[in-house]
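Visitor: I would like to be guided through this structure, one question at a time.

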Amino acid sequence: MNFNKMLRKFAILLLALASVLTLAACTNTENYPQGSLGDTEYASFGDFTVTEADLYNQLRLQAANVLVDKIEKIMFESEIAEATSLLEQGDQDTLDYFYETINKAIYGTPSSIGYSVDVTDHDDLMTFYNDKPELYARALEIYADSLYLTDNSLDIDAFISAMKNLVDPFAGYEDIDVLFDTYILNVAKRIYAKGVLADEIVDENNTNYVEESDVVAYYKNNEEGRYDINALVIRFLNLNEANAALYEVGIKSDSKGNWYAIPDIRILPGNPGYIDLTDTANYQYIVNLLSGLNLISKLGTGLTERQNLSQSDYEAYYKAYTISNTREDGIRDTENLLSTPEVKQKFVDIYNLLNPTATIQIDGTGDVVGDSDTAYSSLYTYDDLSKLDAALRGHIYNTLTAEALMDDPNDTTGSSPYSSRVQTGSSYRFLAFKLNDDSASQENILVEDPDHADVKIFGDSTEAQAKYEELRTKIIENKLTPTYISNKVSALYEDFSIDIYDSIIRIIYSQTHDYTGTEKGVAGDNVAKINDTYITVDEMYTQLEKAYGINLAYDLLINMVLSDSDQYTIDSDTLKDYKTQFETIMSNFTADSYAPTYPAQMGRQAFLLVAFGAQTNAEAVNQLYVYPDLRQQYIDDIENHYDSTNASIYEKFAQLAGKQYDYEKGINVSHLLIYVDQDANGSPDDPAKYLNDLSPSARLAVQQGVVDLINYIYDHVGDYTSLSAGLTALASSYENSIRIEQGRYDSLPYEVIDEDVWAPFRRLGLNVKYETISSKITNKSNIMTGSSILDEVFYDHAIELYDQLVDIKDDDGVLPYLDMYEQNILSIDDITDSDLNDDTTWELNLQSSFGWHFMLVTSIDDQKSAMLSAVNEDYVVTLDDDSTIDLYNESSDKLTANQIEYYLKSQEADEAFSFDNDVQAALTTYFSPVLTIYENTYMQRELIFKLLDGSTFANATGTARVAAIRAINKRQMTSYLLSTTGGVYDQNYANLYADWFTILEG
């Protein structure tokens, strides 16, 4: 047994500020301050009573943290006043810190709220608020309950209402009293630490000293050369597409990076740009080139029949054409050299060729803008380009010169504004044209130090000095970390005299804080003194009782009830064994085996107190062994938890397992996904956002493209040996294609498919991939607290397919089933504009947040039957107590109460009972989830509460507080998935567990 691990866990139970029923411990064996607390009744159950003095004796175990809070409010009294004033004045820095602290507390734990959000980024928080309103509301419910469990006077509903009524959902907290009171000390500590830091940063002997060289280094590392730029960026799917685009627009670069227009031999007579090949003075080189390629004969006797040249003919000509400025057999290419504006226009032509639904143009000022109502921006930040591609960023920043900043844009002898050739990026090929940049904003920020030629300093200009102050402030802010604040607060304790008059509180306090005050236990009204200010027992009791009173009183009562019980007992041999185990623990402690968590030097008294909440060995044995054993006996006694007048617990379990059976669904699918990826990061974008950025005509073109692509794939998937093979091959063919028709053909099984058929779809921004969904999709897959939640549209349609196919899945030829929507009787006329833009209204459930999906159902789960017939087996079995139980189940596929009882009692048997394999599978599938919840911490806590039903409290609010705490425990048990106040109400979860307590209590 790992005692160190066990003890650490036990100490956490004693010290954590949580809603657990903390194990009660100490008796009054020493002198300590009790104030006005005495034998006044606090709570009772039957013949058992807990007095205020009894309760405070237990609250002392939790008092150290509350004492620290009170001490620090005295220590930082002036800073609290300053923090209050700054918040009231709307000081932005103070408000930002206050808001960030609270947002982190509410939304900063992804595993709790079911979503990962950057609490320092207001835009990210608002995305969470707008996109996940139910999770936002759920997070508020979770947080409100956590506040109540540390202060039972909180009105949970009023708090949630106040939070939901904030103008800004993530700000304005200073007007909500409970948040102000809870976090004002955090702000005060920061104000204090910030003041200390202000002295350190100007102290040359301090490690936090900030000098100009630090600011210069920060500028160089974080801002220099990272200005905004305007650029036209063309991304190619692959090198073949890049080359095809260059062929199409007819440009080629030489070794010096100059671009030339290649004479276009495809232009028919009478059209601009036509080349008269009979003009041998100018075009003999081209005639010779075409002859060498065996293409002259295609042009007819007059060399005018250009329509006979195929795409591949032109490609061969383009590849063979050599740039030359010394040619003797025709016009030299100097005549075809493109100026900078012409290169820019050619790059725009390439962009439009690849993106016909979102075309761009050059406006009158030379800027690149969207055509008509097309949304387009050429502005990039340094971070934008970093996300796109590091090689692209380096190329634009380090290689290209902004056109707008060149004295003569056509003079490219030094650096040009455009890519000299197709560039290779980290994940794609690209061309770029740098239009303008904001480099001027960084001119003269850093200048040469007149006294040291190799040293840079900030210039004297207003801009340079403003940047210096801005960055110096950032450096200082970066030093003001939570660790720095904590260290400065801890150091401040040395300036205060602290005396603690309660030995238990003193010992626990000294585990986390240096203590040099009195070691005496003093009776009276005061728990502690900080300088000349006393902290009284009554004020400590008031605060502790609001947080722990109900739980600790129940804990004391349950120990009394169970210890007095004849039903749940510890025999003498077991007790003797527990004492022996405890003696071993104490011997190990003396030998320093539990260091560093519990070093031997802390002493036995502190060890007993901190590890077990005990002052004697006997109390420690009770806390570590006896009370947990008695509780476990009660928890294991499932037949006595709920009234069995109408139904036994096994019949109730059978009802709950039956719901698991009724709602179980399992389907395995693959899917063909049509998606867009405008940021080229390899992950599908939300198609709704893509469509909304397009003009109405372009949007309609994409919608039509989706429908046409669906129809094309459906028409050709049958050409393969299997549906899976067809979808795989078609998706692979699609992804290997480019956005430009090349006039090539690939032979595929059964039919020759024109590869160029994909190009129009690709130009619409559509991608295709075929994926196998590795995990089975079930009725539980999309429960909010799951580790991986599927898109709602995708999930709903998978379940819809299950419902359609479950009854016919065993018919010959049904599976695998390709769902292309009503056998693909689909046209754009069937779909409205709003359908494609709103993934919740299209009755075909076609558009999800990651694209348009088409499922191939590969298998559907069979439900597990618990039916048992007496054909060849005897299913009346004998239990350990010689009673018999009938496991027959002739008429239902669902588990019976007897089968569940037999299973549970087999867990306690000396020898494992045998089970029919099918019934065992049904138990695992349908009863195990029920048992897991019944045995979890929250359910066990509810059972403890239930045992004390009918307890009374001297304070009239006690009963209401118990009800509130029990309700919170149940919300925690159901993971806040059954909200009735606007949070998450997960119907799939509700199907299984919404009437959990109705069944158990019935």
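Guide: A43 stands opposite V50 in β2. This is a predicted model, in which local features need pLDDT of at least 70 and side-chain atom pairs count only at pLDDT 80 or more, while totals for chains, interfaces and linings use all residues. Residues are numbered from 1 along each chain as its sequence is written, and side-chain values use heavy atoms, leaving out hydrogens and water.

Visitor: In what order do the 3 strands of the open sheet lie?

Guide: Strands are DSSP runs of E with at least two residues, and helices are runs of H or I with at least four, numbered from the N terminus. Two strands pair if DSSP finds at least two bridges between them. The edge strands, β2 (48-51) and β26 (952-953), each pair on one side only. The pairing is antiparallel, and the order is β2-β1-β26.

Visitor: At about what angle to β2 does helix α2 run?

Guide: Axes are lines fitted to C-alpha atoms, for helices over the stretch in contact (heavy atoms within 4.5 Å). Angles run from 0 to 180 degrees between N-to-C directions. Helix α2 (residues 52-59) lies across β1 and β2, and its angle to β2 is about 65°.

Visitor: Is R762 buried or exposed?

Guide: The side chains of R762 and E735 meet in a salt bridge (a side-chain nitrogen of Lys or Arg within 4 Å of a carboxyl oxygen of Asp or Glu). E735 lies in helix α28 (residues 723-735) and R762 in helix α29 (residues 759-763), so the pair ties together parts 27 residues apart in sequence. E735 is partly exposed at 31% relative accessibility. R762 has a relative accessible area of 4%, so R762 counts as buried.

Visitor: What is the N to O distance between K474 and E223?

Guide: K474 is partly exposed, with a relative accessible area of 30%, whereas E223 is buried at 14%. The side chains of K474 and E223 meet in a salt bridge, with an N to O distance of 3.8 Å.

Methods: Buried < 20%, exposed > 50% of the residue type's maximum accessible area, 1.4 Å probe, protein only.
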